[in-house]
Amino acid sequence: MLLVLLIYQLTLQIMMAIKPLVRSYLQKKTRAASLAAFRVLFGLLMLFCLVRFLAKGWVYDFYIAPKFHFKYYGFSWISSLGNYTYLLFGIAILASICIAIGFKYKLSIIVFFLSFTYIELIDKTTYLNHYYFISVLSFLLCFLPLHATFSVDAFQKQKSHAFVPAWTVDAIKLLLAIVYFYAGLAKLNSDWLLRAQPLKTWLSTKTNFPVIGSLFNDTWFHYTMSWGGAIYDLTIPFLLVYKKTRPFAFTLVIIFHAMTSALFNIGMFPLIMICATLIFFSDTTHEKWLKTIAKFFSTKKIALHVHEVFELKFKKLVFIAISIFFLIQLIFPFRYVLYPDELFWTEEGYRFSWRVMLMEKAGTATFYVKDGDDGREGSVINREFLNDHQEKQMAMQPDLILQFAHYLEDHFRSEGMKDPQVRAEVWVTLNGRAAELLIDPKVDLTTKEDTWTSKDWILPAKEY
């Protein structure tokens, strides 16, 4: 009891001590140009990403054509809209344009967040870290005044704000720092540091890369790249924050992401991270950039120097909401410690934790459906139900395997089978190891449910 009282008193003293510091920090201001520049870049990047997705035909391939879509836990109500998915993309594109020019910004960013996130929730096999990053970032931007200046909203109101609370800019910096730093923490594992995997596997297939391709078979180079990548992710947020090291750090950002883009097929992620990292530069730098744009369009109608600080409505509630948001971002990636087995093997707690390019994993899955009444059993041709991408992702992720098993149960029940039982023989290879059975092939998967608890039907990896 005495210990509890001491802890309580100590907590009160700490809170009283930091309260003036928090109040002082919340009163700090910075030029609104930083948020405005970020808004323009974000809107244009999202516009390009969405148009690119349409141009490549991926809307049809991933969201319309498949007979079955894998669902996220708790979001089974999200379904494909069929051909209306194109309309959803159109709404997201229109919202991106409005974000870039700052027209009806609050409504536009909310619409973008909802439409983009809905699209990404349609099928779990399309999960990528940078899609998750866009959803998380756009959610954060719903609370921030990116339209305070250099926007159609400001022009229409004839009221452009020169300053915004400094914490509104720092919130974006903090999110980026979490992404980088947690990506670095995720690399502190035995495969990455002691086996140089999966970089060893990937680089060995890229020996035709210009100039340095001949090094890609050298063991020392594999370890240099692995350790260098971990050090980069862990240190880059701090180097970007510090003014004297910022130019050097941003050069590293460009080199790092340019290399990853050239070596690996990771879409828009490098460009998104390079552009987002510009937020770390000074507010005066962003203001100069916006002035250059204004001169290019020969317009002086959007004022940038009104001596007025943008005041957020319900600012205390907004600050509390953002604080809760960051608390979740800081804690949620560590949920994997609640599971007993090897993370990379089971992937329990793997998603939404900024684990970027840490695995070379592939599997083959053969499903068997047995009629519980007469005992007859036959194998399933996966591609009769899934596209190539879905089958590839499903064959190495236990939660997707379980979902597909339940889908097969429903399918064959609808075909007249009274008691379909589904089991699967799944062989998986991870980071250069020999293939092993991922799940118990004797288990009837129709008797299992996908929950937050550990899946006891996943077999332990022998080589870990």
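Which residue just after α2 takes a positive phi? That residue is G57, with a phi of about 75 degrees. Before going further, note that you are looking at a predicted model, where local features need pLDDT of at least 70, side-chain atom pairs count only at pLDDT 80 or more, and totals for chains, interfaces and linings use all residues. Residues are numbered from 1 along each chain as its sequence is written, and side-chain values use heavy atoms, with hydrogens and water left out.

Let's start with helix α2 itself, residues 33-55. Helices (H or I, at least four residues) and strands (E, at least two) are DSSP runs, numbered from the N terminus. Helix α2 has 23 residues and reaches 33 Å from its first C-alpha to its last, close to the 33 Å expected at 1.5 Å a residue; the expected span is 1.5 Å times one less than the number of residues.

Now find a pair of helices, α5 (residues 105-121) and α6 (residues 129-141), whose axes come within 9 Å and cross at roughly 155 degrees. Axes here are lines fitted to C-alpha atoms, for helices over the stretch in contact, and angles run from 0 to 180 degrees between N-to-C directions. The two helices α5 and α6 are therefore roughly antiparallel to each other, a label for angles over 145 degrees. Where they meet, α5 brings residues including F112, F113 and F116, while α6 brings residues including I134 and F139; contact means heavy atoms within 4.5 Å. The residues of this contact divide into nine nonpolar, three polar and one charged. Here Ala, Val, Leu, Ile, Met, Phe, Trp, Tyr, Cys and Pro count as nonpolar, Asp, Glu, Lys and Arg as charged, and the others, Gly among them, as polar.

Next comes a sheet. Strands of a sheet pair through backbone hydrogen bonds, either parallel or antiparallel. In this open sheet, four strands run in the order β4-β3-β5-β6 with antiparallel pairing; two strands pair if DSSP finds at least two bridges between them. At the edges sit β4 (377-379) and β6 (436-437), each pairing on one side only. Helix α18 (residues 398-414) packs on the sheet and touches β3 and β5 (420-430).

Look at strand β3, residues 361-371. With β4 it pairs over three bridges, one of which joins V369 to G378. These two strands, β3 and β4, form a hairpin with five residues between them, and G375 in the turn has a positive phi of about 85 degrees. With β5, strand β3 pairs over 11 bridges, and G363 has V428 as its bridge partner.

Methods. Parallel < 35°, antiparallel > 145°, perpendicular 65-115°, else oblique.
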